[in-house]
Amino acid sequence: VVGASGSGKSSVVRAGLIPALRRDEQIRWRIYTFSPTSQPLEALAAELTRDSESVTATTTLIDDLNLEPRSLHLFARRLVAGPAARLLLVVDQFEELFTACKTPALRQAFVNNLLTAAQSDGPVTVVLTLRADFYTHCAQFAGLRAALETGQKFIDRLQGAELRQAIEAPAR
């Protein structure tokens, strides 16, 4: 989901997409939302292991994600079971991967895991919210560039009645 700063990308996902998926009676969605921060693998692992009381689960997953691009895919398969179960990963403010994370190897490992999980036949769907002015930064990752070409939705700035609706409807 690409758009200008303040265009409502996060709101569309958090107040629109996520509630709609939770109402889906055909598919059981496990939904995880996080921002990359300066440590995207840590942010991802912490979110996925949020129900675990052991920090070892988080640190082990961080190490796995760093070493093997199939780690997210394999971990997700264990989190969701059954043909009607899916995992949604919402990476909100994806531009933090370029503004906050200063380590190219971490960026690459993060993107590789997201792409492998999303492009496999597994249960993972990945949704990114990205400020439009960081769109070209994604081009450095060939697989991400290809995914954006086929799967993006552009959000224009809301104005007037649209803005009012976006604010009032979730509150109702």
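## Lys102, out in a loop

Let's start with Lys102, which sits in the loop between α5 and α6 (helices are DSSP runs of H or I with at least four residues, strands are runs of E with at least two, and both are numbered from the N terminus). Lys102 counts as exposed because its relative accessibility is 60% (exposed means over 50% relative accessible area, buried means under 20%, and partly exposed is in between, using a 1.4 Å probe and protein chains only).

Keep in mind that this is a predicted model, where local features need pLDDT of at least 70, side-chain atom pairs count only at pLDDT 80 or more, and totals for chains, interfaces and linings use all residues. Residues are numbered from 1 along each chain as its sequence is written, and side-chain values use heavy atoms, with hydrogens and water left out.

What lies 2.7 Å from a polar atom of the Lys102 side chain? That would be the backbone oxygen of Thr99. Lys102 and Gln39 are 63 residues apart along the chain, yet 8.9 Å separates their C-alpha atoms.

## Asp92, tucked away

Asp92 is in a loop too, the one between β3 and α5. Is Asp92 buried or exposed? With a relative accessible area of 5%, Asp92 is buried.

The side chain of Asp92 has a polar contact with the side chain of Ser10 at 2.6 Å (a polar contact is a pair of N or O atoms within 3.5 Å; within protein, one must be able to donate a hydrogen and the other to accept it, and residues adjacent in sequence count only if both atoms are side-chain atoms). The Thr129 side chain makes a polar contact with the Asp92 side chain as well, at 2.5 Å. If you skip the neighbours within four places in sequence, Asp92 is in contact with Ser10, Arg14, Phe34, Ser35, Pro36 and Thr129 (contact means heavy atoms within 4.5 Å).

## Helix α2 and what covers it

Now for helix α2, which spans residues 40–48. This helix is mostly covered, with seven of its nine residues buried: Pro40, Leu41, Ala43, Leu44, Ala45, Glu47 and Leu48. What do those buried residues pack against? Their partners are β2 (28–34), α3, α4 (71–79), β3 (85–91), α5 (96–99) and α6 (104–119).

## α2 against α3

Helix α3 covers residues 55–67, and α2 packs on it at an angle of about 135°, with the axes 9 Å apart (axes are lines fitted to C-alpha atoms, for helices over the stretch in contact, and angles run from 0 to 180 degrees between N-to-C directions). The two helices are therefore oblique to each other (under 35 degrees is roughly parallel, over 145 roughly antiparallel, 65 to 115 roughly perpendicular, and the rest oblique).

On the α2 side, the contact is made by Leu41, Glu42, Leu44, Ala45, Ala46 and Leu48, and on the α3 side by Thr58, Leu61, Ile62, Leu65 and Asn66. Sorted by class, that contact has eight nonpolar, two polar and one charged residues (Ala, Val, Leu, Ile, Met, Phe, Trp, Tyr, Cys and Pro count as nonpolar, Asp, Glu, Lys and Arg as charged, and the others, Gly among them, as polar).

## α2 against α6

With α6, α2 packs at an angle of about 40°, and the axes are 8 Å apart. These two are therefore oblique to each other. Pro40, Leu41 and Leu44 of α2 meet Leu106, Ala109 and Phe110 of α6, which gives six nonpolar, no polar and no charged residues.
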